[in-house]
Amino acid sequence: MRIDILSLFPRMFEGPFGESIVKRAVDRGLVSIQVHNPREHTHDRHHTVDDSPYGGGDGMVMKPEPIFEAVESVTGLIGREAVPVILLTPQGRLFSHDVAQELSREPNLVLVCGHYEGVDERVIRHLVTDEISIGEYVLTGGELAAMVVVDAVVRLLPGVLGSEGSARDDSYARGFLEYPQYTRPRVYRGWEVPEVLLSGNHQEIARWRSEEAIERTLLRRPDLLAKAVLSEEERSLVDSIKARRGFN
Ligand code: 6GU
């Protein structure tokens, strides 16, 4: 996959993409991530990227020309049509595991980080193909949101997660929250690891984990369970946990 990001603050990406799993994915050639500054696509002496809004009002609006030209230079490099151009904005559709999976199937993504009071509407109407928000709060810009999207998408790419875990088993992919995990020591400050995990009985361990995951999901996120696709065994576990815990 190739990801191109347009941002007025390219250095913000150095930390998150220069560490850990995303960095390793880049180093192994599983993904290429390029950050471009629209300011380099201005033609005036002051490299102007924003201006006051027509009609008046507070704040500044990102001008269309540097964004169009930056995106066109990128899509020109890729040399193909129909590349998704995604604006990160609180106006967008809500990001989720499903959206991450959808994006992970694309060979190319262009992410545009919005700033100031917004982006000239012609960018949205005639250049952008999708708008994404990462949650119901307002950030100072789209950069952190772009990092979140890239992180969630890259870990789904084939080969990125090795023995550290399989994306297929993600709690959100299965519709459950995760079961509790423990590691050594067996007793820490008097708190013991659940006996079943030391039993060596893999069938019992698997059942305990399913029960814990289901119980936790029932308590914290019943909405997830409502849309989870359950095996017959999981369905009967859900019913027995509900009965035991007094859920209806
Ligand atoms: Cl994508 N951008 C900004 N500025 N704020 C946000 C957001 C994006 N998603 C949630 N809040």
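**Figure 1. Arg189 in the loop between S9 and strand S10 (191-192) of the predicted model**. Arg189 is not a glycine, yet its phi is positive, at about 50°. Because its relative accessibility is 65%, Arg189 counts as exposed. Most residues other than glycine have a negative phi.

**Figure 2. The cis peptide bond between Arg184 and Pro185**. Omega of the bond that joins Arg184 and Pro185 is about 5°. Pro185 is found in the loop that runs between helix H7 (171-174) and strand S9 (187-188). Most peptide bonds are trans.

**Figure 3. His47 in the loop between strand S2 (32-36) and strand S3 (50-51)**. His47, a residue other than glycine, has a positive phi near 55°. With a relative accessibility of 40%, His47 counts as partly exposed, whereas Arg189 counts as exposed.

**Figure 4. Helix H6 (residues 143-154) and its buried residues**. From the first C-alpha to the last, the 12 residues of H6 reach 16 Å, close to the 16 Å expected at 1.5 Å a residue. The buried residues of H6 include Val149, Val150, Val153 and Val154. Glu143, Ala145, Ala146 and Met147 of H6 are buried as well.

Figure 5. The C-alpha trace spans about 70 × 40 × 40 Å along its principal axes. The radius of gyration is 23 Å, whereas a compact globule of 248 residues would have a value near 18 Å. Of the 248 residues, 40% count as buried. Among contacts between residues at least 6 apart in sequence, 75% join residues at least 24 apart.

Methods:
Residues are numbered from 1 along each chain as its sequence is written. This is a predicted model: local features need pLDDT of at least 70, side-chain atom pairs count only at pLDDT 80 or more; totals for chains, interfaces and linings use all residues. Side-chain values use heavy atoms; hydrogens and water are left out. The radius of gyration is taken over C-alpha atoms; the globule rule is 2.2 Å times the number of residues to the power 0.38. Buried means under 20% relative accessible area, exposed over 50%, partly exposed in between (1.4 Å probe, protein chains only). Contact means heavy atoms within 4.5 Å. Helices (H or I, at least four residues) and strands (E, at least two) are DSSP runs, numbered from the N terminus. The expected span of a helix is 1.5 Å times one less than its number of residues.
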